[in-house]
Amino acid sequence: MSDGPVSEQQAVTKAVTSVRTRLARVAGRALLRRRGWWALGAAAILAPLRPFLWPLRDEAPLYLGLVRAGILAGVGFACVASALVLVGRRRGPSALGAARAIDDALDLREVVGSGFAFESAGGDEAFVVLARRRAIAAVKGLDVDAAFPLPSLAPTRKRLAQASIGVAAALILGAYDPVLASALIAPPTEDERAAAADLDTAAQALAAALAPTADPKRPDAPRGGQTKDDERKGPRGAPRLVEKAREAAKAARRGDRQGALGKLDSLRTDGQKQATRAADLKAALRQIADALDPPKSGARSGAARALDPSAKAADSMRLLAKKMRSAEEAASETKESQERTLERLNRAGEEARKAGGEKGENGEKSDGKSAAESLSRAAEALSKGDREAAAKMLDQAAERADSLERERAEASAEAEAIAEMLEKSGILEEAIEMAMLGREGQGKPGEGLAMGEGNGGEGDKPGKGSGKGAGKKGLDLRRALASRLAAIGFGDESGTGTDGEGSIPDRHRTKREALEVKSSVRAPSEVGEGERAIQAIQGLGKGSEPQAGYREVFPSYDAAVEEGLADERIPAARRAAVRKYFQSIRPVDP
Amino acid sequence: MTNEPWASTPVLRVVGGSSVKDTKDPKESKDASEAAIEAAEAALLHAKKVGERLRAELGAVIFGQDDVITGVVVALLAGGHVLLEGAPGLGKTQIVRTLSKLVGGSFSRIQFTPDLMPSDIVGTSLVVTTASGGKDLAYRPGPIFANLILADEINRATPKTQSALLEAMAERTVSVEGQPRDLPSPFFVLATENPIEMEGVFPLPEAQLDRFLMKLIVKMPDLETLTRIGARAEEPKPPSAVTFPDELLQVQAAVRSLPSALHVQRYAAKLTLATHTEKGVRYGAGPRAAQALMSCARARAVLDGRAAVAIDDVKAVAGDVLRHRLGLRFEAEALGLDADKIILQAIAHTKVE
């Protein structure tokens, strides 16, 4: 039985579908209105978690914490609110529920609900058709939007105030940053700013020193001042040092003292490695030279050779090559002399192999190893009687030695700048420590006694470091630290030292007794960063003439100094002073 | 009455539940369909009017018992029997007597007493003298053979007598001396019982209570109603009939034809099942209760002039239909629960699909 035109046949279903969609929206908004505090809660939870979820990088501006906390809060709110709306929509009524909702809205009793059910199920009984017609009449002209208004999401003033307070508190917690807090409580001091500026300047100087490192006269010098060898070995550490120094200075200027100290520590460690490179190369070249031309008693031995070891190594190789090619030398060579030459070549090769290490930074053969191979082949050729091939190999080894020398020269040049920069970094570190100690020490007497006295000096550089510090309160710490610096070699050279006494505060709060130096002693002590060994040599500061064997014995000092400088226990910031001292006492050629 | 539009042929076919598809010509078929729909609408309207008239006339005589009056009319339209329970003097008998006047047809009142025998209800065969002077057995129908029966204080009769009445209620026939005899149609029993007096009464067994479509509680009227009752100086005049048995039969047919959506039927079934799971229930309502729910809901929808049964109709009649079909535990009594409260809980726990 037809109940009307085709367009009317599904009129109830269409109306119900429309209402169902509307009611899903209503349900979504209703759930959001009812559970809106969940979304606020998510925002309030996520925002304070900002330091863990989205920490600031060192160079990030401090206001970024607030922005990120806001973003996290917004994301949390949006996610939960969206989820609520989706869940609410999914919880929307079924089609039959929507039909019954129309009945409720129109104050009818199951007219539309039954009509919709009959329309869905079909049936042409008279009463069924009658029920459907009544349902169609009911939904005709139904204004869905008016019948089912969307619930308002506007909160009450009280709720709005509560939410605002909660979100504001969450944002403040999320914006909190230890650096920001410490910068606000104790802003960077003038000393820190000045030290940071100095470190920046030193870093720029090092960067400038790095640029022309490559010798433009070298045939393989490419663009950017980096040679093919450099490219093969990969980027060196000096640029990284520059970057770290700049970051440390920046952190210090921001007030991030812990960060700055951490970067300075890293800078010192890397700087020490970089700075020992020249010494390593120097020692390697010297060992090769010694192997090829063992020191003889007499002139140009010991310290004299140490002054220019690499040139000697390359020259020795070339001279030996020249002798190999010389017919006279070949004719006059005895079996013993050949064996001696072979032994020297083998020993030099061994030394070069030790010096060259296993492989280069990029897995390539190092110059030292290449030189060692060339020397080994030279020895092999010589043993076979092929003097020409041996000479050729020696020439190759000499080229490698030259390369090592250039590398040593570059490293030496960098080492000076690195040392300068490390010195500045040490000053910055001290300034930061002073700022931190000053803050901690306000109103507290200092603890710990002076560690001793540096009583050194020789020849025309008399003097000894001395210090006297008594850690008292706040500002006196500076004096105490000066005493400490003097005690480990940064004292005023022209001053007349006295035994250190008093006490200083240090980071480890370790109490130490004063030490009176009356004879040569070795006194282990702590200066805050680890074990230190300070040797006081009785008598050397009294202006007596150097002993006769001093010139001979000094090369061993030189080696000891280089080894000592390579030791990580010596702070990089102090190494320049140590080197300077030993340069000052280096014997001069008559 | 035969000139009423709903009494024409199409209406009778419609209320019989069959669709009109017996013509080949589409135009003729459409016209017939439209006529059937119009007839259905007219039948619905007429049934509503009959019900409203009954309610109005009963309400004019019985004050303050609107729910009971509506229940009685609903049961009458649905074709079921009613058990009225209430204290003496609340107008139970008056309701039935007034209804008998309104409906027309035959009316019997049976006062149940402990010595009442089944034959006193269904009738018995007596030895009579024939015209030829001989003797023969002649069946004399009992008071059960009437359109409207008032079974007053039914719980005072013995179970044997009660069962005789209840069998007649269920089967709408009585068997006397092995011969079945049809009861008149419509056949409507209104039984009353007094819940106060427990001495010398025989409570109706649960299985027999199930025969009643509804159990209506006649409550004490409120102050306003009592004032009105007291102010009435004399007995109201007996009302005249507003309908007659044949018309009532057609109205009942129209009620039975009222369609119900599947979700309404399922709701009634779920509600019936829900009575089994409520706390304190010893046994719940059976399938006959589900039928009764839908029958009464249909009648209620007709009284409201609607063309389909609503879930609200089911909810509205649930109390009257289910309260005498539930067996409660002592636990329910300890918890202060009665059948009505449990039914309300079941309604609350039953969700609409």
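**Notes on a predicted two-chain model**

1. Helix H20 of chain A, which runs over residues 367–383, has 17 residues and reaches 24 Å from its first C-alpha to its last, close to the 24 Å expected at 1.5 Å a residue. The model is a predicted one, and this helix is mostly covered in it, with 12 of its 17 residues buried. Just after H20(A), Gly385(A) takes a positive phi of about 90°.

2. On confidence, the mean pLDDT of chain A is 72, and 68% of the residues in that chain reach 70 or more. Where pLDDT is low, the predicted coordinates should not be read in detail.

3. As to overall make-up, the secondary structure of chain A comes to 24 helices and four strands, while that of chain B comes to 14 helices and 11 strands. Of the 590 residues in chain A, 40% are buried; of the 353 residues in chain B, 45% are buried. Among contacts with a separation of 6 or more, residues 24 or more positions apart account for 74% in chain A and for 79% in chain B.

4. Chain B holds an open sheet of five strands, in the order S2-S5-S8-S1-S9, and the pairing is parallel. Strand S2 (107–111) and S9 of chain B stand at the edges, each with a single partner strand, so one side of each is left without a neighbour in the sheet. From one strand to the next, the twist averages 20°. Helix H3 of chain B, residues 66–78, packs on this sheet and touches S1, S8 and S9 of chain B, and the direction of the helix makes about 160° with that of S9(B).

5. Within that sheet, strand S1 of chain B (residues 82–86) is mostly covered, four of its five residues being buried. Which strands pair with S1(B)? With strand S8 of chain B (residues 188–193), S1(B) is joined in parallel by four bridges; in this pairing Leu83(B) stands opposite Ala191(B), and Glu85(B) stands opposite Glu193(B). With strand S9 of chain B (residues 214–218), S1(B) pairs in the parallel sense over five bridges, and there the bridge partner of Val82(B) is Met214(B). In a regular strand the side chains alternate between the two faces of the sheet.

6. The contact between the chains takes 20 residues from chain A and 24 residues from chain B. On the side of chain A that touches chain B, helix H7 (111–121) and helix H8 (126–139) of chain A each supply at least two residues, and H8(A) gives the most, with seven residues. By class, this side of chain A has 12 nonpolar, three polar and five charged residues.

7. Helix H10 of chain B (residues 262–277) has 16 residues and reaches 23 Å from its first C-alpha to its last, close to the 22 Å expected at 1.5 Å a residue. The buried residues of this helix are His263(B), Val264(B), Tyr267(B), Ala268(B), Leu271(B), Thr272(B), Ala274(B) and Thr275(B). What do these buried residues pack against? In chain A their partners are helix H6 (95–106) and H7, and in chain B they are strand S10 (281–283), helix H11 (287–303), helix H12 (311–322) and helix H14 (339–349).

8. A last point concerns a loop residue of chain A. Tyr176(A) has its place in the loop between helix H10 (157–175) and helix H11 (178–185) of chain A. Why does Tyr176(A) count as partly exposed? Tyr176(A) is put in that class because it has 15 C-beta neighbours inside 10 Å, whereas a buried residue needs 20 or more and an exposed one has 12 or fewer. Tyr176(A) and Leu66(A) are 110 residues apart in sequence, yet 7.8 Å apart in space from C-alpha to C-alpha.

Methods: Residues are numbered from 1 along each chain as its sequence is written. Chains are lettered from A and ligands numbered from 1 in the order in which they are written. This is a predicted model: local features need pLDDT of at least 70, side-chain atom pairs count only at pLDDT 80 or more; totals for chains, interfaces and linings use all residues. pLDDT is the predictor's confidence in each residue, from 0 to 100. Two residues are in contact if their C-beta atoms, placed from the backbone, lie within 7 Å. Two strands pair if DSSP finds at least two bridges between them. Ala, Val, Leu, Ile, Met, Phe, Trp, Tyr, Cys and Pro count as nonpolar, Asp, Glu, Lys and Arg as charged, and the others, Gly among them, as polar. Axes are lines fitted to C-alpha atoms, for helices over the stretch in contact, and angles run from 0 to 180 degrees between N-to-C directions. The expected span of a helix is 1.5 Å times one less than its number of residues.
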